[in-house]
Amino acid sequence: MLLVAARLVREARFLVPTGSTQLRVLSEVARETIKASLVADGIAPLLSKRADTCVVYSYWKSEATVACLYHKMTDRPDIRVVTRCHGGDLFYDLPTAPSRPYDPYVARRVDRVVPVSEIGSSHLVAHGFACDKLVVHRLGVNIPARVAPSASGAAWRLVSCSSMIPIKRVTLLAEALSMLRQSFIWTHFGDGVQWNDVRDIVASFPENGEARLVGRVTNKEVRRFYEMGTADLFINVSESEGVPVSVMEALSAGIPCVVTDAGGTSELVDDTVGKVLAKNVSAASIARAIEQELCDSAAHSAKRVAARRRAEEMCDANVNYNAFLLFLRSL
């Protein structure tokens with residue numbers, strides 16, 4: 001590990017601005033160097049077993065990518081290094097975004113970067129990544145064999161699925177729901193540090209509102225809930241996303257979606273399958289959008305059909321992953 005770290009530290013000298021006193025950047029260089037060194041040591045035995053040229057792939061553009069590139073630049077110049085990137089490992093303009101000190105190193109040496117959205121690709125080009133190294137390949141979900149018809153009921157059935165952390169803004173969603181005038185049942189899958197904050201807002205819901213905070217469950221349980229036809233609308237008001245799997249899964253079950261224009265979400269959702277809201281949306285605007293989506297039953301039924309079709313066209317894991325496999329084999 002010490003030999004790997006020494007090489008990466010030499011690279012890091014050129015990544016931190018001369019005379020920089022930015023402790024955050026310096027601490028991230030140290031942290032990423034240590035992590036990359038550990039990963040590099042870990043994959044060395046695996047690479048030693050492969051004498052042939054091979055593709056080394058990291059799912060996130062992270063210290064694992066740096067570790068792979070370390071081997072490419074030292075003992076295995078023949079390997080092809082490919083990294084996928086999503087949202088948190090891609091966008092530079094997030095409040096919590098790290099400085100990513102090794103991104104210039106990655107940009108110069110990586111063979112291909114595979115963002116999951118077109119907006120992600122454009123963002124990388126704007127931050128120094130060459131166009132000819134970028135190839136968009138979307139993620140996907142398993143498309144259910146059939147979609148259950150929407151069950152009739154007096155109350156709107158609303159669903160969301162995310163961690164309860166600030167960037168997901170579940171508290172903002174809860175505030176919006178408290179403004180609804182129609183009877184509703186809100187089911188949320190996921191937990192996190194803001195659980196108590198959400199629960200406090202829910203405690204003051206009007207009589208027409210009911211909240212079911214399910215907490216963390218398996219993906220299988222979430223999908224079963226969707227496929228039973230027990231949701232009228234899926235809602236995601238996150239401040240940042242790559243292309244959310246939760247939205248893909250909702251679409252695959254024929255559930256229209258109200259989402260914020262975060263990351264590549266708007267590449268999946270438009271007015272034919274739901275509603276895209278501004279990223280800096282207010283609680284009142286979210287409430288108004290929900291009411292607009294569900295007050296017209298004929299339009300809502302059409303969007304259920306369109307949502308399923310959108311998932312089949314853009315989110316089928318079998319199609320998307322086979323295409324990605326062919327891409328890797330072509331390198």
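The exercises below work through a predicted model, from the whole chain down to single residues.

Residues are numbered from 1 along each chain as its sequence is written, and side-chain values use heavy atoms, with hydrogens and water left out. In this predicted model, local features need pLDDT of at least 70 and side-chain atom pairs count only at pLDDT 80 or more, while totals for chains, interfaces and linings use all residues.

**Exercise 1. The whole chain**

Task: Describe the chain by its elements, its box, its burial and its contacts.

Solution. 
- Step 1. Take the elements. Helices (H or I, at least four residues) and strands (E, at least two) are DSSP runs, numbered from the N terminus. The chain has 12 helices and 9 strands.
- Step 2. Take the box. Along the principal axes, the C-alpha atoms fill roughly 65 × 45 × 30 Å.
- Step 3. Take burial. Buried means under 20% relative accessible area, exposed over 50%, and partly exposed in between (1.4 Å probe, protein chains only). Of the 331 residues, 51% count as buried.
- Step 4. Take contacts, meaning heavy atoms within 4.5 Å. Among contacts between residues at least 6 apart in sequence, 72% join residues at least 24 apart.

**Exercise 2. A helix pair**

Task: Characterise the packing of helices H8 and H9.

Solution. 
- Step 1. Two packed helices are described by the angle between their axes and the distance between the axes.
- Step 2. Axes are lines fitted to C-alpha atoms, for helices over the stretch in contact, and angles run from 0 to 180 degrees between N-to-C directions.
- Step 3. Read the geometry. The axes of H8 (residues 219-227) and H9 (residues 245-252) come within 9 Å and cross at roughly 35 degrees.
- Step 4. Assign the hand. A crossing is left-handed if the near helix is turned anticlockwise from the far one by less than a right angle, and right-handed if clockwise. H8 and H9 cross in the right-handed sense.
- Step 5. Name the residues. H8 brings Asn-219, Arg-223 and Tyr-226 to the contact, and H9 brings Glu-249, Ala-250 and Ser-252.
- Step 6. Sort them. Ala, Val, Leu, Ile, Met, Phe, Trp, Tyr, Cys and Pro count as nonpolar, Asp, Glu, Lys and Arg as charged, and the others, Gly among them, as polar.

**Exercise 3. Pocket and cavity**

Solution. 
- Step 1. Set the rule. On a 1 Å grid over the protein atoms alone, a cavity is a set of points where a 1.4 Å probe fits but cannot get out, and a pocket is an open set with protein on both sides within 12 Å along at least five of seven lines; lining residues have an atom within 4 Å of a point. Grid points are joined across faces, edges and corners, and a volume is the space filled by probe spheres set on the points.
- Step 2. H8 and H9 are the elements giving two or more residues. H9 gives the most, with 3 residues. By class, the lining holds 15 nonpolar, 14 polar and 5 charged residues.
- Step 3. Take the cavity. The count is 1 cavity of 30 Å³ or more. The largest cavity holds about 80 Å³ of space.
- Step 4. Trace the cavity lining. Strand E4 (156-161), helix H6 (170-177) and strand E7 (233-236) each supply at least two residues. E7 has the largest share, 3 residues. The classes are 6 nonpolar, 4 polar and 2 charged.
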